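Keep the viewer open while reading.

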Amino acid sequence: MKNLKGEYYNSPFSHVYVEKEVWEHPRTKRILAKLPDADVIEIDHYKDVFCRKGQDYVLQHRAQNLILGAKHGTLLYKGAPVCQSFGNQNFYYTSCMMNCIFDCEYCYLKGMYPSGNLVVFVNLEDIFKEVEKLLLKEELYLCISYDTDLPALEGLMGYVQEWLQFVEENLFSGKKRLTVEIRTKAADSHFFERHFPVPGVIYGMTLSPQIVIESYEHKTPALRQRIAWATQAMTEGYRVRLCFDPMIYCKEWKQRYSEMLEDVFSQIDMDKIEDVSVGTFRVSQDYLKKMRRQQPCSMVVQYPFINDKGVYHYPKELTKEMEQFLVDRLKERIAEKKIFLWEDEEM
Amino acid sequence: MKENIGVINMIYILTAMYAEARAIITHFHLKKDISHIHFQVFDNQEVGIRLIVAGIGAISAAVAIADTCMAAEAGDFLVNVGICAGIQEEKVSEKGNDCLAKGALLSREPNQGENERICRIGEIFLCNKIREQITGRTFYPDILYPHGLKEAQILTGAAAYTKDKKKEGFWLYDMEAAAVYQAGLYYFGPHQMSFLKVVSDYGDAEKVTAEQVRELMEGNVERIAEYVNFLQEIGRKEQSGISFLEDVLLSETEKLCRDMHCSKTMAAALRQCIRYGILSGVDIAELRKEMYREGKLPCKDKREGKLCFEEFKRRVL
């Protein structure tokens, strides 16, 4: 018997649920080879586990399990209005994974998904084909790390590597231009040993004040690590976007965000930054309702937000003050045209 | 509501037969609750355990759960404990042998030989996959906590297992687990349900006596108790902070709603504001008293109440 008192939760991916359909898929085999101690359970469809009734997202996330399946139907989605398009016309996103190993209390995934388990679609080649089809007609701006954090899972899944190869091949294929955004909070310094810069790929590093990271962004790297990663990435020729989104309110927010910017400005060459995005926390009312129910003691989701046409956000004056504060400070170091404020899209 | 058990969470243990329950009843010093007419129910309110002897089969299990688990809350658990048949003496198929797939999966080599027993009589398993044979529906209870038990997949049928039955790649066979899961889902989430099964036979259940069942369960009662105690600890841990928060929230919201003449909508907004205040470290009781001292509370009507709420919100945020 294990010592039951020793640990309260199973370690991540102690159980792997594998769809019959992908049982023999090379990616399934590759991933399972890295999890030799996991109990592997065969399932008919990923939704049989992921969409069960009555699941507890928060508890499941503490002992997160892995579901390997195949994605069918729609593989590329039009970008949602609450998401920043950075001025791109054909803005799409894709979900080759659902959920994240990081545990940010304010993350909309907690309201969007019925389960805290991680789903990985191993039929990446089908998504690539879909992208290629679209590229025959038009240029594409594609976010591939929205409903997950691909770099955080790179050691196990290797999906960033596969996307890089795909984008690079596309560069020389004569098709329309493909730009891919990889949003992340991961800051693995070994990333650069195994990856290479590709002109069509932008890494969107999300930055928050250290107090916000410690309070709400559980299991994520510290601010200094994220800044160091972004600095090294740019030195090595990667395109980096800084995302100050979502900005999170705390009583001393002005001071905390000032300190964060000082750290950023002192270490990152802002002239080399691709662009920056700014936006305060906002979430749909349905998601917030679920997030609040699941996290009754989370200060960040229990803030008395204002409901504006189905979207919850901080009171207008506070939203404006927080965003303006950050934009003003950023303008001192970066051209205004490189600063993208989410409200701009709305207007 | 729970009956006088304070902050202790309740573990509902469901067995089909008394012979499966006896060792657990003795271990936890459970006392018979004679208020139940249709089922034998044994309680120990101090430790937060209720054991229900449901009878054999799916319908008995479903009715027993409906009859006894209506008061279940977050932090409570349902544990189905009982004997089952071991499906053995077959060549283990590559796909069906899911749980043995650890390490062996990639080589695609079965790691058990023909006629080798997968499970021994008296061995206890925690089920991670349950299939209802009659419908083909499959259920997956969450396995979130370390337990030290072997895990297995179980097939639930309408009649006792015999060797000629279709095995569908499962290791274990019983007559209740799928029904317990489906009925339990009305009151519990998949993270709150566990299925502990002790192998009693290999398809000749008619030869198993009540005395043998008692012995099999006695042989495993320590493991079952350890598992149940751990769930109890988990439930307590998860709920302790929440209960305190909800208690303060309830009492403060009641007082302030009354004195601000809140409408239903305003009461909800006030409640949210108080919750945030408590979480952010504001002493809500002290703030309320302060507003009384300043003569801002109690308000004389709704209009004044609305202004007072705005002032209250400003101070909290």
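Two strands count as paired if DSSP finds at least two bridges between them. The model discussed here is predicted.

## The sheet of chain A

Strand 14 (residues 275–280) and strand 18 of chain A are joined by 3 bridges, and the two run parallel. One residue pair to inspect is A:Val278, whose bridge partner in strand 18 of chain A is A:Leu341. Helix 14 of chain A packs on the sheet. This helix touches strand 13 (239–247), strand 14 and strand 18 of chain A, and its direction makes about 160 degrees with that of strand 14 of chain A.

The sheet is open and has 8 strands, in the order 4-5-9-10-11-13-14-18 of chain A. Its pairing is mixed. Strand 4 (77–78) and strand 18 (339–341) of chain A are at the edges. Each has a single partner strand, so one side of each has no neighbour in the sheet. Helix 7 (residues 159–171) of chain A lies across strand 9, strand 10 (178–184) and strand 11 (201–206) of chain A. Helix 7 of chain A runs at about 160 degrees to strand 10 of chain A.

## Aromatic pairs and charges over rings

Over all chains, the count of aromatic pairs is 39. A:Phe91 and A:Tyr146 make one that is edge-to-face, with 6.3 Å centre to centre and 90 degrees between the planes. A:Phe91 belongs to strand 5 (residues 91–93) of chain A, while A:Tyr146 sits in the loop between strand 9 (140–143) and helix 6 (154–157) of chain A, so the pair ties together parts 55 residues apart in sequence. A:Phe91 and A:Tyr146 are both buried.

A:Trp253 and A:Phe325 are also edge-to-face, at 5.5 Å centre to centre and 90 degrees between the planes. This pair links helix 11 (residues 253–267) of chain A, which holds A:Trp253, with helix 14 (residues 316–331) of chain A, which holds A:Phe325. The two residues are 72 residues apart, and both are buried. One aromatic cluster takes in residues of chains A and B: A:Tyr106, A:Tyr249, A:Phe281, A:Tyr303, A:Phe305, A:Tyr314 and B:Tyr276. Charges over rings follow. A:Lys53 lies over the face of B:Tyr186, 4.9 Å from the ring centre. A:Arg292 lies over the face of A:Tyr312, 5.5 Å from the ring centre.

## Cysteines

The count of disulfides over all chains is 0. For A:Cys243, the nearest cysteine sulfur is that of A:Cys143, 9.4 Å away. A:Cys243 is buried, at 0% relative accessible area. For A:Cys250, the nearest cysteine sulfur belongs to A:Cys104, 15 Å away. A:Cys250 counts as buried at 11% relative accessibility.

## Backbone exceptions

Most residues other than glycine have a negative phi, and most peptide bonds are trans. The bond from A:Asp245 to A:Pro246 is cis, with omega near 10 degrees. A:Pro246 lies in strand 13 of chain A. The bond from B:Leu297 to B:Pro298 is cis too, with omega near -5 degrees. B:Pro298 is in the loop between helix 7 (284–293) and helix 8 (302–316) of chain B.

A:Asn99 has a positive phi, near 90 degrees. Its place is the loop between strand 6 (97–98) and strand 7 (103–104) of chain A, and A:Asn99 is buried at 0% relative accessible area. A:Lys219 has a positive phi near 70 degrees. A:Lys219 lies in the loop between strand 12 (217–218) and helix 10 (223–235) of chain A, and counts as exposed at 52% relative accessibility.

Methods. Residues numbered from 1 in each chain as written. Chains lettered and ligands numbered in written order. Predicted model: local features only at pLDDT ≥ 70, side-chain atom pairs only at ≥ 80, totals over all residues. Heavy atoms only, no water. Phe/Tyr/Trp six-rings, centres within 6.5 Å; stacked < 30°, edge-to-face > 60°. Helix = DSSP H or I, 4+ residues; strand = E, 2+ residues; numbered from the N terminus. Buried < 20%, exposed > 50% of the residue type's maximum accessible area, 1.4 Å probe, protein only. Lys NZ or Arg CZ within 6 Å of the ring centre and 35° of its normal. Contact = heavy atoms within 4.5 Å. Axes fitted to C-alpha atoms, helices over the stretch in contact; angles between N-to-C directions. Disulfide = S-S within 2.5 Å.
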